[in-house]
Amino acid sequence: MISYELKFQFCNLSDALHRNVTDNFESVSFNITKDNFIQVQVVLKEKTSTDMEYIDDFIAEFSALQETDNVLPPIVKEKDKNLPLKYVVFQQG
């Protein structure tokens, strides 16, 4: 069963993301570490300065919704064939 905290973080990240995503985004996923830090991973078709600004914006919005300073800097990758992190919030096609 999915915990309340996990559902809460999924909703927070979805809310921050829906105003800050472009067609260049392949996926956005996250994981919660054993120490309760949140690691977000973004996979882009290609890195652009515009998309990096969108990522900074949604990470700032997501961080502002937290009760503590627990959001790690995001992992940003290009066209990665590796699996996303445990909880996928957005995935294209």
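Rings of Phe, Tyr and Trp (the six-membered ring of Trp) are taken as a pair if their centres lie within 6.5 Å; planes under 30 degrees apart count as stacked, over 60 as edge-to-face and the rest as tilted. A search of the whole structure finds three such aromatic pairs. The model is predicted: local features need pLDDT of at least 70, side-chain atom pairs count only at pLDDT 80 or more, and totals for chains, interfaces and linings use all residues. Residues are numbered from 1 along each chain as its sequence is written, and side-chain values use heavy atoms, with hydrogens and water left out.

**Aromatic pairs**

- Tyr 4 and Phe 8 form a stacked pair, with 6.2 Å centre to centre and 15 degrees between the planes.
- Both Tyr 4 and Phe 8 lie in helix α1, four residues apart, about one turn of the helix. Helices (H or I, at least four residues) and strands (E, at least two) are DSSP runs, numbered from the N terminus.
- Tyr 4 counts as exposed because its relative accessibility is 66%, and Phe 8, at 30%, counts as partly exposed. The cut-offs are under 20% relative accessible area for buried, over 50% for exposed, and partly exposed in between (1.4 Å probe, protein chains only).
- Phe 30 and Tyr 87 form a tilted pair, 5.4 Å centre to centre and with 40 degrees between the planes.
- Since Phe 30 lies in strand β1 and Tyr 87 in strand β4 (residues 87-91), this pair ties together parts that are 57 residues apart in sequence.
- Phe 30 is buried, with a relative accessible area of 0%, whereas Tyr 87 is partly exposed, at 22%.

**Nonpolar core**

- A nonpolar core is a set of buried Ala, Val, Leu, Ile, Met, Phe, Trp, Tyr and Cys residues joined through side-chain atoms within 4.5 Å.
- The largest such core has 18 residues, of which Leu 13, Phe 25, Val 28, Val 40, Val 42, Ile 55 and Phe 58 touch the most other members.
- At least two residues of this core come from each of α1 (4-17), β1 (25-32), β2 (38-44) and α2 (49-64).
- Contact means heavy atoms within 4.5 Å.

**Val 88 in β4**

- Val 88 is found in strand β4 and is partly exposed, with a relative accessible area of 30%.
- Neighbours within four places in sequence aside, Val 88 is in contact with Phe 10, Val 28 and Ser 29.
- The C-alpha atoms of Val 88 and Ser 27 are separated by 7.5 Å, while the two residues are 61 residues apart along the chain.

- Gln 9 is found in helix α1 and counts as buried because its relative accessibility is 1%.
- Setting aside neighbours within four places in sequence, Gln 9 is in contact with Phe 30, Ile 32, Ile 38, Phe 62 and Gln 66.
- In α1, Gln 9, Asn 12, Leu 13, Ala 16 and Leu 17 meet Phe 58, Glu 61 and Phe 62 of α2.
- The axes of α1 and α2 come within 8 Å and cross at roughly 140 degrees. Axes are lines fitted to C-alpha atoms, for helices over the stretch in contact, and angles run from 0 to 180 degrees between N-to-C directions.
- The two helices α1 and α2 are therefore oblique to each other; angles under 35 degrees count as roughly parallel, over 145 as roughly antiparallel, 65 to 115 as roughly perpendicular and the rest as oblique.
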